[in-house]
Amino acid sequence: GAAVVVSRTIPDAVGGQFLFTGVPTGTIPANGTLVVADLSPGTYTTTEADPAPEFDLVEVSCDDGGSATTSSGDPTTRSAIFNIDPGEMVTCEFTNARRGTIVVTAEVTPESAPGSFRYTGVPSGTIEAGGTLVVADLSPGTYTTTEVDPEPDFELTEVACDDGDSATASSGDPQTRTAVVNLDAGETVRCTFIHEGETGPITGGGGTGTGSSSDEDGDGAPGG
């Protein structure tokens with residue numbers, strides 16, 4: 001019989017290299033195959049080397065038709081077990097999900113206003129006005145980052161997240177100063193925290209100042 005290993009990726013267009021040991025053995029690119037033919041009937045095992053940090057192995061599925069000695073895959077052990085009957089070809093497909101990236105940007109109005117902004121969660125860190133925080137190679141899932149209150153120098157007015165046309169949309173809430181990122185495989189989500197600088201007190205002439213006056217020359221009018 002024959003054992004066939006197929007590598008699949010999510011999303012389809014990403015590259016990558018995947019190493020397998022056992023039967024079959026070898027390294028193949030995304031959407032590549034390993035084939036070993038002329039195998040005696042019996043049980044064979046192949047194991048994918050850990051694809052982290054670029055990928056997570058999410059599924060191993062095997063197809064050997066209606067054989068009574070079914071083959072199987074286990075993503076937790078990154079292995080496929082081939083139970084090969086006489087003349088049978090068994091195909092096992094390994095599906096790897098590309099990890100994603102989160103980008104946080106701090107914007108200020110006016111643009112020239114200096115300031116620093118601290119975030120906790122994912123991403124975490126402190127950035128200057130106009131700066132970015134980037135965390136790459138994140139497994140698909142939900143992540144939260146929260147900005148420490150920027151008062152009294154700034155007011156956080158908007159948190160806007162852009163993840164394209166993803167069905168699992170990300171969102172931001174300026175009231176809680178939080179962005180909730182729903183990260184898909186291979187996705188880059190950008191969340192922008194938008195601030196307005198506080199207006200300082202107006203000082204100087206022309207004005208409405210208060211004070212006391214005195215009648216210095218005794219003519220009933222305030223002195224000057």
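In which strand is the place of Asp 137? In this predicted model, Asp 137 is placed in strand 13, which covers residues 132-138, and the backbone at Asp 137 has a positive phi of about 55° although the residue is not a glycine. With a relative accessibility of 29%, Asp 137 counts as partly exposed. A positive phi is also found at Arg 78, likewise not a glycine, where the value is near 60°. Arg 78 lies in the loop that runs between strand 7 (72-74) and strand 8 (79-84), and its relative accessible area of 26% makes this residue partly exposed. Most residues other than glycine have a negative phi, and most peptide bonds are trans.

One joins Val 23 and Pro 24, with omega about 0°, and Pro 24 is found in the loop between strand 2 and strand 3. These two strands form a hairpin with three residues between them; strand 2 (residues 17-22) and strand 3 (residues 26-29) pair in the antiparallel sense over four bridges, and Leu 19 has Thr 27 as its bridge partner in strand 3. Strand 2 also pairs in the antiparallel sense with strand 5 (residues 42-48), over three bridges, and in strand 5 the bridge partner of Phe 20 is Glu 48. Another cis peptide bond joins Ala 52 and Pro 53, with omega about 10°, and Pro 53 is located in the loop between strand 5 and strand 6 (55-63).

Key. Residues numbered from 1 in each chain as written. Predicted model: local features only at pLDDT ≥ 70, side-chain atom pairs only at ≥ 80, totals over all residues. Heavy atoms only, no water. Pairing = 2+ DSSP bridges. Buried < 20%, exposed > 50% of the residue type's maximum accessible area, 1.4 Å probe, protein only.
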